[in-house]
Amino acid sequence: MTITITSLRLKSLWRFFHLSYLSMHIVREMKKEKGFIKFKNTGFGYMHYTISAWESEQDLKRFAYKGEAHTKAMKKMRDVASEIGTFTYTSDHFPGWKEARKMLTTSGKIMKMN
């Protein structure tokens with residue numbers, strides 16, 4: 001399966017409400033997508049994380065670039081986040097949070113959203 005780990009550093013704590021609103025629509029749409037396997041999220045304060053699992057990289061990319069809610073949210077990320085991290089890889093098991101954060105820190109791509 002293809003696993004994607006993401007992190008978002010909020011610009012301010014008030015942006016949490018906007019992030020939650022966008023996330024609600026993304027998750028609702030994601031769960032209906034072909035190839036979706038599993039999703040979990042966590043976060044507190046400025047830092048928020050997600051992990052999603054997909055049957056294939058093609059399923060992941062189709063959702064990431066063509067999913068209506070995800071596409072709308074990505075256009076608004078400059079208003080919400082100061083930094084976004086991503087790491088995608090193939091595995092037979094879904095990672096725990098400690099493992100996911102370590103992979104994101106050591107192998108992930110971090111984008112500043114100034």
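The model is predicted: local features require pLDDT of at least 70, side-chain atom pairs count only at pLDDT 80 or more, and totals for chains, interfaces and linings use all residues. Residues are numbered from 1 along each chain as its sequence is written, and side-chain values use heavy atoms, with hydrogens and water left out.

Helices and strands are DSSP runs, numbered from the N terminus (helices: H or I, at least four residues; strands: E, at least two). An open sheet is formed by 5 strands. Their order is β2-β3-β1-β4-β5, and the pairing is antiparallel. Two strands count as paired if DSSP finds at least two bridges between them. The edges are held by β2 (36-44) and β5 (109-112). Each has a single partner strand, so one side of each is left without a neighbour in the sheet. On average, neighbouring strands are turned by 15° against each other, direction ignored.

Strand β1 (residues 2-10) is joined to β4 by 9 bridges, and the two run antiparallel. Strand β4 (residues 81-90) is also joined to β5, by 4 bridges, again antiparallel. Gly85 in β4 stands opposite Ser7. Gly85 also stands opposite Ile110 in β5. The bridge partner of Glu83 in β5 is Lys112.

Ser7 lies in β1. Ser7 is buried, with a relative accessible area of 4%. The classes are buried under 20% relative accessible area, exposed over 50%, and partly exposed in between (1.4 Å probe, protein chains only). Contact means heavy atoms within 4.5 Å. Not counting residues up to four places away in sequence, Ser7 touches Met47, His48, Tyr49, Glu83, Ile84, Gly85 and Leu104.

Ala100 is placed in helix α4 (residues 97-107). Ala100 is buried, with a relative accessible area of 1%. Leaving aside neighbours within four places in sequence, Ala100 is in contact with Ile5, Ile51 and Pro95. Ile51 is 49 residues from Ala100 along the chain, and their C-alpha atoms are separated by 7.9 Å.

Helix packing was examined next. Axes are lines fitted to C-alpha atoms, for helices over the stretch in contact, and angles run from 0 to 180 degrees between N-to-C directions. Helix α1 (residues 15-30) packs against helix α3 (residues 68-80) at an angle of about 165°, with the axes 9 Å apart. The two helices are therefore roughly antiparallel to each other. Angles under 35 degrees count as roughly parallel, over 145 as roughly antiparallel, 65 to 115 as roughly perpendicular and the rest as oblique. The crossing of α1 and α3 is left-handed, the near helix being turned anticlockwise from the far one by less than a right angle. From α1, the contact involves Arg15, His18, Leu19, Leu22, His25, Ile26 and Glu29. These meet Glu68, Ala69, His70, Ala73, Lys76, Met77, Asp79 and Val80 of α3. The residues of this contact divide into 7 nonpolar, 3 polar and 5 charged. Ala, Val, Leu, Ile, Met, Phe, Trp, Tyr, Cys and Pro count as nonpolar, Asp, Glu, Lys and Arg as charged, and the others, Gly among them, as polar.

Helix α2 (residues 57-66) packs against α3 at an angle of about 55°, with the axes 5 Å apart. That makes α2 oblique to α3. Phe63, Ala64, Tyr65 and Lys66 of α2 make the contact with Glu68, His70 and Thr71 of α3. By class, this contact has 3 nonpolar, 2 polar and 2 charged residues.
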